[in-house]
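This briefing is for a reader meeting the structure for the first time. Please look over the sequence and the model before reading on.

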Amino acid sequence: MSDPMRPPASQPRPHTAAPRPEPSRSRAALRTAVVWDVLQDALDRRVKATGRQTLDVLDTGGGSGNFAVPVAGLGHRVTVVDPSPNALFALERRAAEAGVADRVRGVQGDARGLFDVVERGGYDAVLCHGVLEYVDDPAEGVRNVVAALRADGVLSRLAAGLGGAVLARALAGHFTEARQALDDPDGRWGTGDPVPRRFTAEQLTGLVEAAGLRVGAVHGVRVFADLVPGGLVDTEPGAMDALLKLEAAAAELAAFHSVATQLHVLGETPGTDGV
């Protein structure tokens, strides 16, 4: 069965490494640098393992292409599934501006009805970033995206961390809300909380393993970035570079996973060589 969302075949392009985020350029790098490094390394290893320069990548909830467009810049084909027409329009424009429009395809849909718009078992890698917080059944959501993987595929999952939210509310002086987030089954600090659900590292890895994958790596994301005053980072010479290096060093340490704003889990199908 062919993938109905795959872009038309185009002339193969050589696989080239996309540039790593430039640390001192913007605060946006703090939100993506750790995840991007892990994801790029995983894709590079998939290229070497498969012998194919171009991989098929599915980005569920990929929005305007924060990851999809850079992944296409590596030479891969990316299908983005998102429920928002506005986000998909922005994706199309962004891909065109980056010169990768022939490798990015957007389709309207969501994780629950994923296989109404994409093929089962058709992708070398699936990105599931910022999706599980909003689905009715996270376990079902994980099973769906895992079913989209080929036998030797890789899953990249990014979700809101419980500990980071508790710490942020406490440091802001909202102690009752911090306690409520700590006790709430979904990790919410109140009715005004815009995030429907948060996770611990143990919950996320448990969902990955229950779906039949093995956990390749766990990283804490934005361990310090959301706690450091923006004025300090933007005005102090070298502060952005130093903070990025600190984030990278702390990301792999389990002790910091419990206070990270987000958690990233890399899952591998049983047939995948370690990535």
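A charge is said to sit over a ring if NZ of Lys or CZ of Arg is within 6 Å of the ring centre and within 35 degrees of the ring normal. Arg120 and Phe115 give a case: the charged end of Arg120 sits over the ring of Phe115, 4.1 Å from its centre. The model is predicted.

**Overall make-up**
- The protein has 10 helices and 7 strands.
- It consists of 275 residues, and 49% of them count as buried.
- Among contacts with a separation of 6 or more, 74% are between residues 24 or more positions apart.

**Around Ala178**
- Helix α6, which covers residues 175-183, contains Ala178.
- Is Ala178 buried or exposed? Ala178 counts as buried because its relative accessibility is 5%, and buried means under 20%.
- Setting aside neighbours within four places in sequence, Ala178 is in contact with Val166, Arg169 and Ala170.
- Val166 lies 12 residues from Ala178 along the chain, and the C-alpha atoms of the two are 4.6 Å apart.

**Rings and charges**
- Arg169, one of the contacts of Ala178, also lies over the face of Trp189, at 4.2 Å from the ring centre.
- How many aromatic pairs does the structure hold? The count is 1 aromatic pair.

Note on methods: Residues numbered from 1 in each chain as written. Predicted model: local features only at pLDDT ≥ 70, side-chain atom pairs only at ≥ 80, totals over all residues. Heavy atoms only, no water. Helix = DSSP H or I, 4+ residues; strand = E, 2+ residues; numbered from the N terminus. Buried < 20%, exposed > 50% of the residue type's maximum accessible area, 1.4 Å probe, protein only. Contact = heavy atoms within 4.5 Å. Phe/Tyr/Trp six-rings, centres within 6.5 Å; stacked < 30°, edge-to-face > 60°.
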